[in-house]
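Hello,

Here is the structure for your files. My notes follow below it.

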Amino acid sequence: MNLNRFGKKNAQLNQLLEQSAHWQRLSACLKQELPASIRTHFNVACVRDGCVVVIAHNSMAASRLRMVLPALLPQLQQIDATIETVKVKVQPVDTKPEAVKRASLSPAARSALAHSAQALSHHPELAAALRRLSEKNS
């Protein structure tokens, strides 16, 4: 989807797209200048009141960024002359494990559900739900 086309019609969206592109340029500049081992562990969040806010994904990356980034201010100022300082914040990447479905019905339970579905034929919606449940494999 080409958001730039919609941005031409909507001033607010266009402003957001320009801000995002600006932050991506700053992030690309930093990633080019920093060692490869740290490039994937941060993102530029925003520029606010002359301060570039960089989000580190862990405390080790944040420590390294706090040591190195002040020396890279001249490169950042070539992209945005209003930048005076750099601030590093830590925000771990959300790495919640995917929920694994462990519940399963035994053959006896499936059989009992199917039998109940037949017995409840005078309640068609309940019978259909029990039948679907009895047909599940896990």
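Of the contacts (heavy atoms within 4.5 Å) between residues at least 6 apart in sequence in the protein chain, 47% join residues at least 24 apart. This is a predicted model, in which local features need pLDDT of at least 70 and side-chain atom pairs count only at pLDDT 80 or more, while totals for chains, interfaces and linings use all residues. Residues are numbered from 1 along each chain as its sequence is written, and side-chain values use heavy atoms, with hydrogens and water left out.

The protein chain has 6 helices and 3 strands, in the order α-α-β-β-α-α-β-α-α from the N terminus. These are DSSP runs numbered from the N terminus: helices are H or I with at least four residues, strands E with at least two.

Along the principal axes, the C-alpha atoms fill a box of roughly 80 × 45 × 25 Å. Buried residues (under 20% relative accessible area, 1.4 Å probe, protein chains only) account for 24% of the 138 residues.

Ser134 is buried, because its relative accessible area is 10%. Leaving aside neighbours within four places in sequence, Ser134 is in contact with Arg110, Leu113 and Ala114. The Ser134 side chain also reaches the backbone oxygen of Arg131 at 2.8 Å.

Regards

Definitions and conventions:
Buried < 20%, exposed > 50% of the residue type's maximum accessible area, 1.4 Å probe, protein only. Polar contact = N/O pair within 3.5 Å; in protein donor to acceptor, adjacent residues only side chain to side chain.
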